[in-house]
Amino acid sequence: MDYSQYFSAALGRLHDERRYRVFADLERIAGRFPHATWHSPSGPRNVVIWCSNDYLGMGQHPRVVGAMVETATRVGTGAGGTRNIAGTHHPLVQLEAELADLHGKEAALLFTSGYVSNQTGIATLAKLIPDCLILSDALNHNSMIEGVRQSGCERQIWRHNDLAHLEQLLIAAGPNRPKLIACESLYSMDGDVAPLAEICDLAERYNAMTYVDEVHAVGMYGPRGGGIAERDGVMHRIDILEGTLAKAFGCLGGYIAAKGEIIDAVRSYAPGFIFTTALPPPICSAATAAIKHLKSSSWERERHQDRAARVKAVLNAAGLPVMTNDTHIVPLFVGDPEKCKQASDLLLEEHGIYIQPINYPTVAKGTERLRITPSPYHDDGLIDRLAEALLQVWERLGLALHEKPLAAE
């Protein structure tokens, strides 16, 4: 039997649906972000990155790099195994304490990625609650969806940010059934924000727990970078906060923060924690340095918001179809998977601008887009050149311009 035919057919389907993904070979150079070297088929070329989730450029910050190098020199590179076997190295203990403090919680638990923290965190929490009903926002990330699915619990999907629908489901579930409301604070494809205070009101009224994914908001919002929940003054009302170290903090890893007994229960039961190697000491020290810096420095957040606002203003003035929101995400509507990929290719090959296409299944069919994420280091000249390049690409592909901004769906 030729097993390879199954894989070839699967790849063929992706090509036919214009969903086959191609990754650019990029080499970032510390101190030059957002500039990078693209190792193109014709040789190395300088490009400007416009879609990184290293939102604040902390991946190149001297304190973060210095902490990583110092720790690697002092204690070595690897963690030595799972925490159950190798013990917990001290930089990891320090990082978990820093994360608990960031979110005003008793404890935090570190995972190897934000994906794993959602997938195994939600599944483990829900399994430990008898007859738990999970109420999940319709636009939750795939990692949350997988966590809900793997829990084996009954789930109900509430319409995105629709408080009336959520309340209907809570009422129907009854006051005595255990319930877990799961949502994100900032949805990264449209850039819209969950009404966290109102969700907490409903959770308290109908006796439900709350689980909030803050991965695109930690480091970015709030006086100390605690996220949308800190900005909105509701951190203390949310039972479990989940975040990442791989975006605004410029490192790697995911975590949950909550009361001590919740964290201890997940630590004791979660397969995705128990059976995997811990993050290495240098990564933990680098993340701790990033968190400490952003707790006290607001320059990065303020400059970042200024840059995002300017990008939106310049692209809107040019008539480009920016999908409106009040956050740092700048989605540019295309609405066609093939043209979205062509636009991305043209920007890279002819203008030295790297923006990945966002197609199905990341977003719904017909809502394909370019997702632009400015950083504090994108200056006015880079922003103006971005607008000029996009206008040329839009004209080349026959894409529509708009007289007023589009509303995000």
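A crossing of two helices is called right-handed if the near helix is turned clockwise from the far one by less than a right angle. The views below come from a predicted model.

**View 1. Helix α13 crosses helix α15.** Helix α13 (residues 299–317) passes helix α15 (residues 380–397) in a right-handed crossing. The two axes come within 10 Å and cross at roughly 35 degrees. On the α13 side, the contact involves R307, R310, V311, V314 and L315. On the α15 side, these meet D380, I383, D384, L386, A387 and L390. Sorted by class, the residues of this contact are seven nonpolar, no polar and four charged.

**View 2. Helix α7 lies alongside helix α8.** Helix α7 covers residues 163–173 and helix α8 covers residues 196–205. Their axes come within 11 Å and cross at roughly 15 degrees. Angles under 35 degrees count as roughly parallel, so α7 is roughly parallel to α8. This crossing, too, is right-handed. From α7, the residues that make the contact are L163, L166, E167 and L170. Their counterparts in α8 are E198, I199, L202 and R205. The contact has five nonpolar and three charged residues, and no polar ones.

**View 3. The largest nonpolar core.** In soluble globular proteins, nonpolar side chains tend to be buried together. The largest nonpolar core in this model has 58 residues. Which of them touch the most other members? They are L110, I181, L196 and L245. Helix α12 (residues 281–296) supplies the largest share of this core, seven residues. Apart from this core lies another, of 35 residues, which includes V322, L348, V393 and W394.

**View 4. The surroundings of L110.** Neighbours within four places in sequence are left aside here.

**View 5. S151 in helix α6.** Helix α6 spans residues 142–151, and S151 is found in it. Is S151 buried or exposed? Its relative accessibility is 7%. Buried means under 20%, so S151 counts as buried.

Definitions and conventions: Residues numbered from 1 in each chain as written. Predicted model: local features only at pLDDT ≥ 70, side-chain atom pairs only at ≥ 80, totals over all residues. Heavy atoms only, no water. Core = buried A, V, L, I, M, F, W, Y, C linked by side-chain atoms within 4.5 Å. Buried < 20%, exposed > 50% of the residue type's maximum accessible area, 1.4 Å probe, protein only. Helix = DSSP H or I, 4+ residues; strand = E, 2+ residues; numbered from the N terminus. Contact = heavy atoms within 4.5 Å. Axes fitted to C-alpha atoms, helices over the stretch in contact; angles between N-to-C directions. Parallel < 35°, antiparallel > 145°, perpendicular 65-115°, else oblique. Nonpolar A, V, L, I, M, F, W, Y, C, P; charged D, E, K, R; others polar.
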